[in-house]
Structures are given as C-alpha cells and as structure tokens.
Amino acid sequence: ITSYTRLHQTSGTTGRPMYWLDTQASWKWFMDCWSQIYEAVGLRPNDVLAFPFSFGPFIGFWAAFEGGIQRGNLCLAMGGLSSEVRLRQILDHQCTVVCCTPTYALRLAEVARKEQLDLAGSPVRAIIVAGEPGGAVAETRARIEREWGARVFDHWGMTDLGSLAIEPESHPETLTVLETESIAEIIDPSTGMPAHPGQVGELVMTNLGRIGQPVLRYRTGDLVKASLDFSTGDTGVLRLAGGVLGR
C-alpha cells in the first residue's frame with residue numbers, strides 16, 4: 001500500500017462509486033496521456049487553462065490540471081468557488097482554454113448572461129469537455145460554441161482506465177484513441193466477437209501504463225463505430241465516428 005500515492009473514485013453514475021489507486025509511475029503515465037491530448041487539440045505554450053471543477057475525490061480533471069502544469073502552461077484551479085467568481089477569474093486572467101463538463105459550460109454561459117459578461121468576446125478559444133455525452137451531441141455542442149465563441153473538443157476517458165481518446169483539432173466530430181497507450185477493440189455486445197468494419201459495437205479497452213491498478217479488456221458499455229473515412233491517408237489511426245454514440 002505504501003507504493004500508492006493517489007486515491008480517486010468513479011462518479012457513481014451507474015452505481016456505488018468505486019475507489020481507484022495510482023502509484024507515482026501510473027499517475028505520471030496518466031498525465032503523459034493528457035500531454036498527447038493537449039497536443040491533439042493544438043495547445044499553445046502561452047495558453048492559460050481554467051479548471052472550473054470541484055477537485056473532490058472524483059478523478060475528473062485532476063490529471064488534466066497536473067498534465068497542463070507538466071507542459072508548462074499556467075493552470076488555474078477553481079475548486080470551492082461560485083460560478084460568478086469562476087467566470088470573473090476566467091476573464092480577469094484572460095484564460096484561453098476551459099476544461100469542464102458540457103452542462104457546466106452551459107451553466108457558466110447562463111450565469112454570464114445574468115451578470116452581463118461577454119463570454120463570446122473573451123480570449124477563450126477552446127473548451128475541452130468530458131464526463132457527459134454533450135460534447136458529441138450536435139445541438140449541445142453548437143449551443144456551447146455559440147455562447148462562448150469558442151471551439152468545443154470532446155474527450156473520452158474513465159476513472160478505471162485513464163484518459164484515452166480525444167477529438168483532435170484536425171478531425172472534428174471524431175474521437176482519436178491513444179493507441180500508443182492502450183489496446184482498443186470494438187465488439188458485438190451480444191456475441192463478444194469483433195464488430196464488422198463500420199458496425200456499431202461496444203468499446204473494449206486495455207490500458208498500458210496504469211501499472212498500479214491495470215485493467216485488461218474492460219467492457220466500457222459505450223457504443224462506438226470506427227471511422228471508415230481514410231481520405232487523409234492515416235489508415236493506421238483508430239478514429240471513432242461521432243464519438244460515443246450511446247450506452
């Protein structure tokens with residue numbers, strides 16, 4: 001037990017929350033995954049990152065926050081603050097990237113209207129969303145982008161697995177799996193056999209760096225479909241068309 005340095009938990013949306021342990025090495029791997037995610041969305045050295053997140057036991061954006069610091073970006077932790085104070089900090093410190101859930105991005109926009117704050121005219125240019133399906137829902141996504149005047153990037157991960165897929169800057173409305181850090185399979189959930197190319201199936205994941213508490217062939221319950229658009233020539237990259245399509 002002395003090898004473990006982090007304890008987090010799942011959100012509990014599908015049952016009782018589960019606790020998850022990380023060693024120093026596995027947590028470093030988690031942050032390295034976020035470094036790749038930031039690279040994919042075009043993070044710049046001068047970007048200022050805002051994290052309007054509770055920083056409680058739910059793993060949420062903990063690794064995203066520390067991963068941004070590891071890359072050398074200024075990262076603002078906004079746990080324990082009201083939405084009004086968070087918004088003013090985002091504006092006062094000229095944040096350019098915001099990491100939050102889709103519903104909270106909409107809540108902040110609602111508060112901004114009430115407080116007569118100009119979000120669309122702010123320096124925020126990117127919003128990385130996770131934890132909910134809204135980033136892959138066209139209407140929700142469009143509303144966030146309209147309210148903030150910024151591009152939404154959907155992200156996929158699980159407490160048990162890590163942060164392992166991101167919508168890259170170059171391929172909107174898809175999720176690119178970090179295959180250097182995981183083994184991804186898409187199966188027919190009724191038979192357990194590999195899904196046919198282009199068929200909707202269940203995402204099964206094995207992570208390769210979470211050595212403190214590894215997960216092998218984990219059935220995520222998420223329904224996805226491999227993109228068959230090879231027009232860019234990157235046929236060796238697993239992209240999930242439309243992100244997570246259901247559960």
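Me: How many aromatic pairs does the structure hold?
Reply: A pair of aromatic rings is described by the distance of the centres and the angle of the planes. Rings of Phe, Tyr and Trp (its six-membered ring) pair if their centres lie within 6.5 Å; planes under 30 degrees apart are stacked, over 60 edge-to-face, the rest tilted. This structure holds nine such pairs. One is tilted: tryptophan 34 with tyrosine 38, 5.2 Å centre to centre, 50 degrees between the planes. This is a predicted model: local features need pLDDT of at least 70, side-chain atom pairs pLDDT 80 or more, while totals for chains, interfaces and linings use all residues. Residues are numbered from 1 along each chain as its sequence is written, and side-chain values use heavy atoms, leaving out hydrogens and water.

Me: Are tryptophan 34 and tyrosine 38 buried or exposed?
Reply: Buried means under 20% relative accessible area, exposed over 50%, partly exposed in between (1.4 Å probe, protein chains only). Both tryptophan 34 and tyrosine 38 are buried.

Me: What kind of pair do phenylalanine 55 and phenylalanine 65 form?
Reply: That pair is edge-to-face, at 5.3 Å and 80 degrees. Phenylalanine 55 is buried at 16% relative accessible area. Phenylalanine 65 is buried too, at 14%.

Me: Which residues form the aromatic cluster?
Reply: Trp34, Tyr38, Phe51, Phe53, Phe55, Phe61, Trp62 and Phe65 form one cluster.

Me: Where does the charged end of arginine 6 sit?
Reply: A charge sits over a ring if NZ of Lys or CZ of Arg is within 6 Å of the ring centre and within 35 degrees of the ring normal. Here, the charged end of arginine 6 sits over the ring of tryptophan 27, 4.2 Å from its centre. The charged end of arginine 6 also sits over the ring of tryptophan 62, at 5.2 Å.
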